[in-house]
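Reader: Please take one part of this model and go through it closely. I would like the local backbone and the packing treated together.

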Amino acid sequence: MSKLNYMFGFHAIVSRLKQNYESIREIYLDEKRQDQRSRELLNHAEMRGIRIIRCDSARLTRITGTLLHQGVAASFTSNTRQVNLEDILVNLHEAALFMVLDGVKDPHNLGACFRVAGALGAHGIIVPKDRSVGITPTVHKVASGAVDSVPFVTVTNLARTLREMKIHGIQIIGTIAETTEYISAVNLTVPSALVFGSEQKGLRRLTREQCDILASIPMVGSNINSLNISVAAGICLYETLKQRAIH
């Protein structure tokens, strides 16, 4: 079973055209746009037989719910079947690396986390079903195509999922500010899941209790005591990438 969704922004739509064009039904393009970027998108769409609808900016705003649509939107079908963690693990041929988000409700933050995960080689993003924003048009836009390449796993019980991951030999690393053990001191060459809490509340107690290790990012600025979740995730994933490259 599938449902119709919308995305906006040139990068997100071109990425979907390249990776999964069969899911796109129609593309809406601002009738005033005649620039190189819009011509390239038209070429991609016409090569794949995707219908183009020229419209005014007001219609695009109504479709996307934002003024930041860049003059383009697309309707697409999305399979409602959730990605299964077991399926990801079965197909892995290297040390697992997951990003776990415990309570991220801002679509801009989730989109940025997708982009970080895609750039730095995470095998999937795991979120609790009831405490996370879903895949919205804004997530697609901010992720710049990463939604189409990074598996997104929603789970009913995050603590139970973390226990199951440990059974598969994946170490669970919680990121918190209240520890002097830095992420750079953790062995990240083994299968790992990096867990990030919400900026307001951090890791929930049940989530923290499932972590094998609690680690922090060194902070030397006198006026800064926290980082945006996508920035923190980028630092931790890069440290993982660095350790594995050296190893």
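Author: S144 counts as buried, since its relative accessibility is 16% and the cut-off for buried is under 20%. This is a predicted model, and S144 sits in the loop between helix 6 and strand 7. Its phi is positive, about 50°, although S144 is not a glycine. Most residues other than glycine have a negative phi. Q70 also has a positive phi without being a glycine, at about 65°. Q70 belongs to the loop between helix 3 (57-64) and strand 4 (72-79), and with a relative accessible area of 29% it is partly exposed.

Helix 6 (137-143) and strand 7 (152-155) are included in what covers the buried residues of helix 5, as are strand 5 (97-102), strand 6 (124-128) and helix 9. Those buried residues are N109, L110, G111, A112, C113, F114, V116, A117 and L120. Helix 5 has 14 residues, which at 1.5 Å a residue should span 20 Å, and its end C-alpha atoms are 20 Å apart, in agreement.

Now the packing against helix 9. The axes of helix 5 (residues 107-120) and helix 9 (residues 229-246) come within 9 Å and cross at roughly 10°. The two helices are therefore roughly parallel, and their crossing is right-handed. On the helix 5 side the contact uses N109, A112, C113, V116, A117 and L120; helix 9 supplies I229, S230, A233, G234, L237, Y238 and L241. By type, the residues of this contact are ten nonpolar and three polar, with no charged ones.

Definitions and conventions. Residues numbered from 1 in each chain as written. Predicted model: local features only at pLDDT ≥ 70, side-chain atom pairs only at ≥ 80, totals over all residues. Heavy atoms only, no water. Axes fitted to C-alpha atoms, helices over the stretch in contact; angles between N-to-C directions. Helix = DSSP H or I, 4+ residues; strand = E, 2+ residues; numbered from the N terminus. Parallel < 35°, antiparallel > 145°, perpendicular 65-115°, else oblique. Left-handed = near helix turned anticlockwise from the far one by under 90°. Contact = heavy atoms within 4.5 Å. Nonpolar A, V, L, I, M, F, W, Y, C, P; charged D, E, K, R; others polar. Expected span 1.5 Å × (residues − 1). Buried < 20%, exposed > 50% of the residue type's maximum accessible area, 1.4 Å probe, protein only.
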